[in-house]
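Student: I am new to this structure and would like a close look at a single part of it. Could you take me through its pockets?

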Amino acid sequence: MRPDSRLLEQLVVARYRLNRAQASVGVGERRSQNKGAGMEFAAHRPYREGDDVRNLDPRLLARLGEPFVREYFVDRQLPVYVLLDGSASMLTGEPQKYRFGAVLAQVLGFIALASGDRVQLGVSGGKRVDWSPQLQGQSRAEMLFDWLGKRPTGGRTPFSQALAQARSEMKPRAMVVLVGDFMDEGVDAQFKLLAGARHDIVAIHLASPQEIDPAALGSGPVRLSDAENGEALDLSLNPAVLERYRAAFAQWRSRLEQTISRGGAGQYFFLPTSGDINSFVGLELRRRYVIS
């Protein structure tokens with residue numbers, strides 16, 4: 001379970017574009033709102049007791065007779081969180097949603113590493129979100145890939161509960177990338193709360209071809225079972241049922257997109273597991289200004 005090496009080579013110079021998120025941690029390559037011992041001049045301000053006298057501007061002191069210090073922009077890293085749904089529903093479909101999503105999550109984490117940001121990858125499904133160590137630098141890519149490849153999957157904790165926990169553990173105004181099937185009635189409310197924290201949100205909604213159009217399952221009686229709570233529903237597949245299903249599926253997608261994109265908080269993407277990750281990341285994410 002590894003991303004395409006050709007795609008990774010193309011993404012070495014990519015980086016996440018910021019809307020509401022801010023570089024706020026560590027020492028990185030993005031200009032932050034903080035001022036201190038940086039390289040790029042920001043502004044002068046009046047001297048305060050305790051300031052480093054080495055930052056006094058002698059020319060302003062000579063001209064105005066008052067001490068001013070020079071301030072510089074501080075370059076920091078963007079905190080990036082990639083949260084992958086590892087619950088039981090993700091283990092269904094052909095191609096399987098989790099396998100597809102795991103490779104995608106590796107690629108999305110790699111973009112942060114290669115651009116000098118700080119990334120943490122999380123897998124939900126268990127009682128608590130399973131977070132990777134905080135990683136930075138392209139040289140940590142293999143560590144990130146290995147970590148994800150060893151995570152247990154198939155838990156029964158809804159993605160909404162995982163989001164509620166993850167929100168409290170994230171740095172403010174971070175880049176938050178969500179990858180999952182979002183088959184959870186509580187997920188809309190969590191998306192709204194996440195948006196309220198002024199993160200930049202990228203929500204990638206995965207669905208198998210069978211979920212998008214169950215006509216391939218044939219016709220007649222079928223039993224649908226919830227992979228996480230075990231509830232079952234018996235019904236007969238016929239053209240009328242399939243038509244109602246397709247309409248409900250489209251409405252659900254539309255509702256998710258409206259929730260996530262409301263107020264410019266984030267971007268919603270729908271991606272079938274039969275799709276091509278290289279094209280999605282290399283073309284679609286660039287076209288929608290998620291990455292540069």
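Student: What volume does the largest pocket have, and which residues and elements line the largest pocket?

Tutor: Please keep in mind that this is a predicted model. In it, the largest pocket has a volume of about 1,300 Å³, and its lining is made up of 36 residues. Those that lie nearest the centre of this pocket are M183, E211, L224, S225 and D226. Turning to the elements, at least two lining residues come from each of the helices α6 (187-196), α7 (209-212) and α8 (239-261), and the strands β10 (220-225) and β11 (232-237) likewise supply at least two each. Of the elements, α8 gives the most to this lining, with seven residues. By residue class, the lining of the largest pocket holds 18 nonpolar residues, together with eight polar and 10 charged ones.

The second largest pocket can be set beside this one. Its volume is about 160 Å³, and 14 residues line it, with R17, N19, D200, I201 and Q267 lying nearest its centre. Two or more residues of this second lining come from each of two strands, β9 (200-207) and β12 (266-272), and β9 gives the most, with three residues. In the lining of the second largest pocket, seven residues are nonpolar, four are polar and three are charged.

Note on methods
Residues numbered from 1 in each chain as written. Predicted model: local features only at pLDDT ≥ 70, side-chain atom pairs only at ≥ 80, totals over all residues. Heavy atoms only, no water. 1 Å grid on protein atoms, 1.4 Å probe; cavity = no way out; pocket = protein on both sides within 12 Å on 5 of 7 lines; lining within 4 Å. Points joined across faces, edges and corners; volume = space filled by probe spheres on them. Helix = DSSP H or I, 4+ residues; strand = E, 2+ residues; numbered from the N terminus. Nonpolar A, V, L, I, M, F, W, Y, C, P; charged D, E, K, R; others polar.
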